Amino acid sequence: MNASAVPYDKPFALRLLKDMLRIRRMEEEAAELYGAGKIRGFLHLYIGEEAVAVGALHALQPDDAIVATYREHGHALVRGVSMNAIMAEMFGKQEGCSRGRGGSMHLFDAATRFYGGNAIVGGGLPLAVGLALADQLSPEGISYGAQHRRRVTACFFGDGAVAEGAFHESMNLAALWRLPVLFCCENNLYAMGTSLARSESQTDLCAKAAAYKVETLKVDGMDVVAVHDATRIGIAHVRDKGGPFFIEFQTFRFRAHSMYDPELYRDKAEVEAWKQRGPLHSYSARLKAQGMLTEDEFLACDAEAQAEVDASIAYAEAGAWEPVEDLMRDVLTPVGGTTS
Amino acid sequence: MIDFKLPSLGADMDEGTLLEWLVQPGDEVKRGQVVAIVDTSKTAVDVEIWQAGKVHELIVRPGEKIPVGSVLATLLEPGESVPPTRQAPVVQTIKTEARRRVSPAARKEAETLGVDISLLAGTGPDAAVTLEDVRRAATVKPPVQAPVVASTASAAIDRNAEMRKAIGAAMSRSKREIPHYYLSETIPLRQAGAWLAEQNARRPVTTRLLMAVLQLKAVALATRKFPEMNGFWQDGGFKPAPAAHLGVAIALRQGGLLAPAIHNVAEKTLDQLMSDLTDLVKRVRAGTLRSSEMSDPTLTVTNLGEQGVDAVFGVIYPPQVALVGFGKVRERPWTEAGEVHAIPLVVASLAADHRVSDGHRGALFLAEIHELLQHPERL
Amino acid sequence: MKTSYREALRAALREALQDDPRVFLMGEDVGRYGGSYAVSKGFLEEFGPERIRDAPLSELGFVGAGIGAALGGMRPIVEVMTVNFSLLALDQIVNTASALRHMSGGQFSVPLVIRMASGAGRQLAAQHSHSLECWYAHIPGIKVLAPATVEDARGMLAPALADPDPVIIFEHAQLYNLEGESNHVAPVDISAARVRRTGSDVSLITYGGSLPKALQAAELLAGMGIDAEVVDLRVLRPLDSQSIVASVRKTHRAVVVDEGWRSGSLAAEVMARIVEQAFFDLDAPPARVCSEEVPMPYARHLEEAALPQAAKIVAAARAVMGK
Amino acid sequence: MNPQQISAAVIATLKSIAPEVEADELIADRPLRSQVDLDSMDWLNFLIGLHTALQVDIPEADYARLVTLNDLVGYLQQRCPV
């Protein structure tokens, strides 16, 4: 276990812990609610991978953009979408962040520049390239205040996406046009049931990005500190040098691809080994060892997270079903409507 | 058990409407016996059966429209006994008697104007009653029902429109598929005319001959030397016919055209041919043709000279490969041995299928007809 | 003023680039090459490489980037060289551009314009001759336009750019050299079909590259005493049912002309609406003239035989007239 | 037989060949075959019909003289038995 010191002040260090706990507890409840029929459709849980979203997103600024996948509850939550809105969305209620039109796979939030919630593998990559292109071309300029800081678009995708043409086209376009994109590859080793080794001739994902002359980093995705550090390096590169940056976060999901699967594709021993490196307990152990966290504080954090989850479920339960008469809304922009 | 199926009675026939059964279950039928009358889109046709047997079951009822190849009836072969039980026959038929074709707009308008649609003849696609038909009917008195040419169950069928469509389909196909070439030759008929006058002078009016009979016989004899004019283009190749069954183009008084066959023309005497021709014209106009006459002409002869035209360049009737035309017989100047004489002349023309023959052979074929008509006594 | 369809498109593009700094043109060979149909010739020099952006052969990538840029506040015009290549970008158009507004609960619109050439008639064989307008017209969340006149070529781009949602513009490749009048400066509407020729006997309903053929057929029919009305759909999604039905109510007969293959065609949709909404006004079964259901052959005579032609339209119109 | 009776017989025979003929519309001194579409087979059948109805045989050599309805009636009147 990495015993190096956590280099943050206590409030920030606990913030990271708390966010990982919020994701974990929210998703555990979501799994139960799925079984109870409250949440339907596909439900892809992030349990085991929380360090990636938490560490990476805390390195971004509020005006940066995020493009995520269908395993994005954690990203939305850490980005600032309220747990109420996320839970209500999974329930299909109109109080949901996508008015119940998206569900678990399509969380969106304009206020935090959270561009989904994209459920076609690789589909979000060109979108992120375009958002970055807009920033580069924006007639208002790309400088903000005195810092002349570039906005960054962080694009999350899994190891499965590297097999898609969209990955290669996007990597090339971003590098060719030197666009401010941070490519965040969450490598959990399995594209649904297909392991990287069974689907790729080149399993070194950084090598693929490097082929497009994109700078890369490979980092332990189970270590929230390592994730955060790597992301800050990547962001700095993008803001300072202007071109894209690629980070491979090596991580592991502890549960099935979507709610249930027979897990024929991986050994129980492999899952158990990764669970030993679970991001929550390894990080909390480090904090305790460092004297930054007591068991009581941990339990208090956990209780707060659980309370937030309970409240969000109550909120979602109390939410309204959008009237069927409104079925056809939001297909096209109403006349006189505005765009983002 | 024999299946008696609806034969194709021409290249343009896809379906027919059974008008009448001439046999009943239990009747013995002979080969070649006319057993049913079927309405093609062109005319009512007597349909012959080509296998002997005993009628077991009449499957299609009068008034039903059926595709070519449908089983019309089943027959027991000679010696065959009635099978114990038979499942209810599954027959593919298209019921047409149920509902007339009336356009939705016409139906609505008829209701508004109080017009009885059942009295109207349709002029629209597939003889459907159209808006205009209804409006016309609303402004004039219901027309007197035109005399029905064909027969029994077909009163509602607008024969002219159907026939126009059928001719159109066959002729379009011909012009689309057959590379036609055309030739003509002027033939003096001094000998033929004189021979005919001499013959007819001796005959009562009931046995007189027409020039058309001489022409038919000459064409039929000429095909013996030029078999490539007589037969069918089928399955991508030419199949010569063993005998000349000449299709005779006969115009109908109410409009339209049929070209049924006179069989074995080359083997028949002129008197026989005259009697066949008279009979054929009578039956065409009465609407009582036989299926074999409709389906198997091997070469068509058309004689538009009656209308006064000098020459006719026809459209070949598929799957045939040639058509011979004769114009009006007129007295014209003609030179023989340096002297000008006024003698009857006719322009014979040939439309032939270039896939089967060339202009050179076509020219020789017309020359042969020319030669044959110079010796009417040998015809 | 007489001008060509190509020049009209050019003028519209130039105007858009001049009027709005958020507008940029992106696609394969739009810049240095001058556009595969020479529509953007000279633009690179005039507007610079940032705004006349040559893209690599990555239809999925740059169409997706166009969507992202639209989300990011720009007004991109993405040129896909031909509809055939757009199939490589279908995922981004169907799964992202058209769905984004709905699946985000109305939070994000995609103000993107995609232009592409479509259609056959130049002996380009099976991979460069498609008329797949109906595939796009099937998708809720996008608008589909088919300018068939010089006036529409000139006037449709501005309202398409002003539209907050994705708009796909199909330019039939046979039309680029079409000459016609274009007097207006104001944008045209992109909501309604238009009657290009009034008539009382039969409605010829068509769009795009088939419009000139339908007009030619109408002239031929006039010589036969049949007075045909020609309706140009212009907007393939959402379809202007009202104009279609109004014309059929008047003439009572319809022939739909569509270069797409018959099965599952746009013509099928138009016909379905006619039957649904004007059944009791019909005086004959509606008819269709579509492309034969064969991958487009190369040989000229076969290509001509496969496509709708004025003669086929005339025959269909005569048939529904019962003539 | 008087001319009216002969004329009636001629028209009845004609109608059996060409049912669309309207007696009122025939002009007696104009060529018959241009008013009624009769081909040579129709003509022959017409003469056969007259032969049956009136027992008159018309030689082919006389065809040329029989152009109008009046010609026919006149010709038949001369040759009719009784």
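Reader: How confident is the predictor in chain C, going by its mean pLDDT?

Author: The mean pLDDT of chain C is 95, and 99% of its residues reach 70 or more; pLDDT is the predictor's confidence in each residue, from 0 to 100. The model is predicted, and local features need pLDDT of at least 70 while side-chain atom pairs count only at pLDDT 80 or more, though totals for chains, interfaces and linings use all residues. Residues are numbered from 1 along each chain as its sequence is written, chains are lettered from A and ligands numbered from 1 in the order in which they are written, and side-chain values use heavy atoms, with hydrogens and water left out.

Reader: And what are the ipTM and pTM?

Author: The model scores ipTM 0.61 and pTM 0.63.

Reader: What is chain C made of, in helices and strands?

Author: Chain C has 14 helices and 14 strands, where helices (H or I, at least four residues) and strands (E, at least two) are DSSP runs, numbered from the N terminus. Of its 323 residues, 63% count as buried, buried being under 20% relative accessible area, exposed over 50% and partly exposed in between, with a 1.4 Å probe and protein chains only.

Reader: How many residues meet where chain A touches chain C?

Author: There, 41 residues of chain A are in contact with 44 residues of chain C, contact meaning heavy atoms within 4.5 Å. The area buried between chain A and chain C is about 3500 Å², and carbon and sulfur atoms give 65% of it; buried area is the accessible area (1.4 Å probe) that two parts lose on being put together, summed over both.

Reader: Which residues form the salt bridge there?

Author: Arg101(C) forms a salt bridge with Asp330(A), with the closest N and O atoms 3.3 Å apart; the term stands for a side-chain nitrogen of Lys or Arg within 4 Å of a carboxyl oxygen of Asp or Glu. The count between chain A and chain C is 1 salt bridge.

Reader: Which element of chain A gives the most to that side?

Author: That is α5(A), which gives 9 residues to the side of chain A that touches chain C.

Reader: What about chain B, how many residues does the contact take from it and from chain C?

Author: That contact takes 13 residues from chain B and 11 residues from chain C, and the two chains bury about 790 Å² between them, 58% of it on carbon and sulfur atoms. The side chains of Asp281(C) and Lys108(B) meet in a salt bridge, at 3.5 Å from N to O.

Reader: Switching topic, where is the cis peptide bond of Pro238(C)?

Author: It is the bond from Arg237(C) to Pro238(C), with omega near -5°, and Pro238(C) sits in the loop between β12 (235–237) and α11 (241–251) of chain C. In chain B, a cis peptide bond joins Pro318(B) and Pro319(B), with omega about 5°.

Reader: Is Ala337(B) buried or exposed?

Author: Ala337(B) counts as exposed because its relative accessible area is 84%. Its phi is near 50°, a positive value in a residue other than glycine, and Ala337(B) lies in the loop between β19 (330–336) and β20 (339–353) of chain B.

Reader: And Arg113(A), buried or exposed?

Author: Arg113(A) is buried, because its relative accessible area is 10%, and its phi is near 55°, again a positive value in a residue other than glycine.
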